[in-house]
Amino acid sequence: MLGRLNHVAIAVPDLAATAAIYRGTLGATVTAPQALPEHGVTVVFVELPNTKVELLEPLGEGSPIAAFLEKNPSGGMHHICYEVDDILAARDRLKAGGARVLGDGNPKIGAHGKPVLFLHPKDFAGTLVELEQV
């Protein structure tokens, strides 16, 4: 069911400052910021030869990232994203196996313009998992 690793997401308190560190200190290629109001975040992607690192900061008052940063003020790993060929089939298989899909269970469009779902961290060794259809 799982395809390749799409990205690892890191929540940060200051997106511009963190992007500057990746760009300047590490010499990485960093995309322009992209606001995703439906997810409550602003993101940039650090592009790597084999995957990406997503840096995200809160956008708006109800952002789930704001709560994460309250517990982790310096930031930290937020989630890991895997690719799947068919997100609805993956969702149905996971739910049949007892995994909890967050939200209403229906995919939303993610930062890459593709359907995404999030899976409850308690079902995956404490890690928030995102699935992205490719």
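Predicted model: local features only at pLDDT ≥ 70, side-chain atom pairs only at ≥ 80, totals over all residues.
**The largest pocket**

The volume of the largest pocket is about 540 Å³. Its lining consists of 29 residues, and those nearest the centre are H39, P64, H78, F118 and L128. Two or more lining residues come from each of β4 (41–47), β5 (52–58), α2 (64–71), β6 (76–84), β8 (115–119) and β9 (128–133). By residue class, the lining holds 14 nonpolar, 9 polar and 6 charged residues.

**Helix α2**

Helix α2 is among the elements that contribute to that lining. Within α2, the buried residues are I65, F68 and L69. Viewed along the helix axis, these residues fall within an arc of 95°, so they line one face of α2. In an α-helix there are 3.6 residues a turn, so residues three or four places apart point the same way.

The N-terminal end of α2 is capped by S63, which places a side-chain oxygen 3.1 Å from the backbone nitrogen of I65. Past the helix, the loop between α2 and β6 contains N72. With a relative accessible area of 29%, N72 is partly exposed, because it falls between the cut-offs of 20% and 50%. N72 and G24 are 48 residues apart along the chain, and their C-alpha atoms are separated by 24 Å.

**Residues in the strands**

A11 itself is buried, at a relative accessible area of 0%. The C-alpha atoms of A11 and M77 lie 6.2 Å apart, although the two residues are 66 residues apart in sequence.

T42 belongs to strand β4. Its relative accessibility of 11% makes T42 buried, because the cut-off is under 20%. Setting aside residues up to four places away in sequence, T42 touches L15, P33, Q34, A35, L55, L56, E57 and L59.

E83 is part of strand β6. With 10% relative accessibility, this glutamate counts as buried. The side chain of E83 takes part in polar contacts with the side chains of R4 and N6, as tabulated here.

| Side chain | Partner side chain | Polar contact distance |
|---|---|---|
| E83 | R4 | 3.0 Å |
| E83 | N6 | 3.0 Å |

Apart from its neighbours within four places in sequence, E83 is in contact with M1, L2, G3, R4, N6, E132 and V134.

**The loop between β8 and β9**

A125 is located in the loop between β8 and β9. Is A125 buried or exposed? At 79% relative accessibility, A125 is exposed, because the cut-off for that class is over 50%. The phi angle of A125 is near 55°, which is a positive value in a residue other than glycine. Most residues other than glycine have a negative phi.

Conventions
Residues numbered from 1 in each chain as written. Heavy atoms only, no water. 1 Å grid on protein atoms, 1.4 Å probe; cavity = no way out; pocket = protein on both sides within 12 Å on 5 of 7 lines; lining within 4 Å. Points joined across faces, edges and corners; volume = space filled by probe spheres on them. Helix = DSSP H or I, 4+ residues; strand = E, 2+ residues; numbered from the N terminus. Nonpolar A, V, L, I, M, F, W, Y, C, P; charged D, E, K, R; others polar. Buried < 20%, exposed > 50% of the residue type's maximum accessible area, 1.4 Å probe, protein only. Arc of directions from axis to C-beta. Polar contact = N/O pair within 3.5 Å; in protein donor to acceptor, adjacent residues only side chain to side chain. Contact = heavy atoms within 4.5 Å.
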